[in-house]
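Here is a short briefing on one protein model. Keep the sequence and the 3D view open as you read.

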Amino acid sequence: MNDYYLNRINMGRKVFACLDDEAHEPLWKNVPPLRLTAAVAEARVLMAGLEKLAQEQGQATTGSAADKRREEKELEDAAHELGRLVVRCCRSEGDETGAATFDLSLTGWRKMRDEVLLQTARSLETKAAACAATAKGAEYGITALKVAALKKEADDYEKFIVAPDAAISGRAATTRQLRPAFIAFEDQLEEIDDLVLPLRATAAGALFVSKYDQARSINDRGHGPGEDEPEPPAPPPPPVAPV
């Protein structure tokens with residue numbers, strides 16, 4: 001996540017730590033102006049939403065890619081093993097056409113891309129099921145159990161075939177939500193800024209407001225002292241579909 005947003009989440013946490021201090025809470029909670037109590041509660045909800053977005057946006061996409069690679073290898077291994085038995089079974093029956101599609105080395109299976117691998121494995125599943133129903137298939141060790149095992153690997157792979165792209169798309173969608181969410185949170189804090197001003201009428205209230213103002217300052221924790229980095233630019237508007 002951009003340091004701009006991380007610094008503001010940190011600021012929000014400082015604000016609520018100040019408000020929730022046992023010496024400060026009695027000075028503002030359920031006392032005039034009463035809108036302040038409601039405004040703080042609304043800001044908490046917005047803050048919780050921001051933290052959730054930050055967590056989602058920060059999730060790595062590499063995990064789903066690793067899952068996909070694992071399932072892909074397991075399918076390739078299973079398809080190669082069963083495929084060789086199907087090739088031998090088909091050739092023993094003079095069925096070169098049936099053998100040709102699956103006459104592949106392990107490297108041949110490994111070179112297939114996503115959907116091609118899945119569909120070839122599905123075709124092998126169908127052919128192997130037909131072989132398993134024959135005496136010749138049994139002779140070559142092609143059983144319903146092995147067909148089911150291949151189906152399971154294909155099913156598992158199908159679940160992950162689009163997982164990395166889905167994870168990246170999900171992260172991008174979350175990123176698009178960040179800017180409006182932070183704007184809403186900042187607007188809410190600005191209302192609180194105004195509502196605490198009357199509390200300065202007492203010495204204790206004035207001290208609280210001073211500490212609140214300090215909590216509202218933004219500390220740049222991303223790249224050392226200096227000016228806070230500029231707000232990220234707004235994302236470009238989505239393209240307009242042609243009429």
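Arg-122 sits in helix α7, which covers residues 114-132. This is a predicted model. Arg-122 is buried, at 19% relative accessible area, because buried means under 20%. Its side chain makes a polar contact with the side chain of Asp-155, at 2.7 Å.

**Around Arg-122**

- Which residues does Arg-122 touch, leaving aside its neighbours within four places in sequence? They are Lys-151, Ala-154, Asp-155 and Glu-158.
- Charge matters here too: Arg-122 belongs to a network of salt bridges.
- Side chains of opposite charge can pair when their charged atoms come close.

**Helix α7**

- The length of α7 can be checked. Its 19 residues, at 1.5 Å a residue, should span 27 Å. The end C-alpha atoms of α7 are 27 Å apart, which agrees.

**Other salt bridges**

- How many salt bridges does the structure hold? The count is 23.
- Asp-77 pairs with Arg-110 in a salt bridge, with the closest N and O atoms 2.9 Å apart. Asp-77 lies in helix α4 (residues 62-92) and Arg-110 in helix α6 (residues 106-110), so this pair ties together parts that are 33 residues apart in sequence.
- Glu-42 forms a salt bridge with Arg-35, and the closest N and O atoms are 2.8 Å apart. Glu-42 counts as partly exposed at 34% relative accessibility. Arg-35 counts as partly exposed at 33%.
- Glu-96 and Arg-91 also meet in a salt bridge through their side chains, at 3.4 Å from N to O. Glu-96 is partly exposed, with a relative accessible area of 46%. Arg-91 is partly exposed too, at 31% relative accessibility.

**The loop between α2 and α3**

- Helix α2 covers residues 25-28 and α3 covers 35-58, and Pro-33 lies in the loop between them.
- What is the form of the peptide bond from Pro-32 to Pro-33? The bond is cis, with omega near -5°.
- Asn-30 is found in the loop between α2 and α3 as well. Its phi is near 60°, a positive value in a residue other than glycine.
- Asn-30 counts as exposed, at 56% relative accessibility. The cut-off for exposed is over 50%, so Asn-30 passes it.

**Helix α11**

- Helix α11 runs over residues 203-215. Its 13 residues should span 18 Å at 1.5 Å a residue. The end C-alpha atoms of α11 are 19 Å apart, which agrees.
- Which residues of α11 are buried? They are Gly-205, Phe-208, Val-209, Tyr-212 and Ala-215.
- Look down the axis of α11. Its buried residues fall within an arc of 115°, so they line one face of the helix.
- The other side of α11 has exposed residues: Ala-203, Leu-207 and Gln-214.

**The chain as a whole**

- The protein chain has 11 helices and 0 strands. From the N terminus on, its elements read α-α-α-α-α-α-α-α-α-α-α.
- The protein chain has 243 residues, and 34% of them count as buried.
- The accessible surface of the protein chain comes to about 13,800 Å². Carbon and sulfur atoms hold 57% of that surface.

Conventions. Residues numbered from 1 in each chain as written. Predicted model: local features only at pLDDT ≥ 70, side-chain atom pairs only at ≥ 80, totals over all residues. Heavy atoms only, no water. Salt bridge = Lys/Arg side-chain N within 4 Å of Asp/Glu carboxyl O. Buried < 20%, exposed > 50% of the residue type's maximum accessible area, 1.4 Å probe, protein only. Helix = DSSP H or I, 4+ residues; strand = E, 2+ residues; numbered from the N terminus. Expected span 1.5 Å × (residues − 1). Arc of directions from axis to C-beta. Polar contact = N/O pair within 3.5 Å; in protein donor to acceptor, adjacent residues only side chain to side chain. Contact = heavy atoms within 4.5 Å. Areas by Shrake-Rupley, 256 points an atom, 1.4 Å probe, with all protein chains shown as cover.
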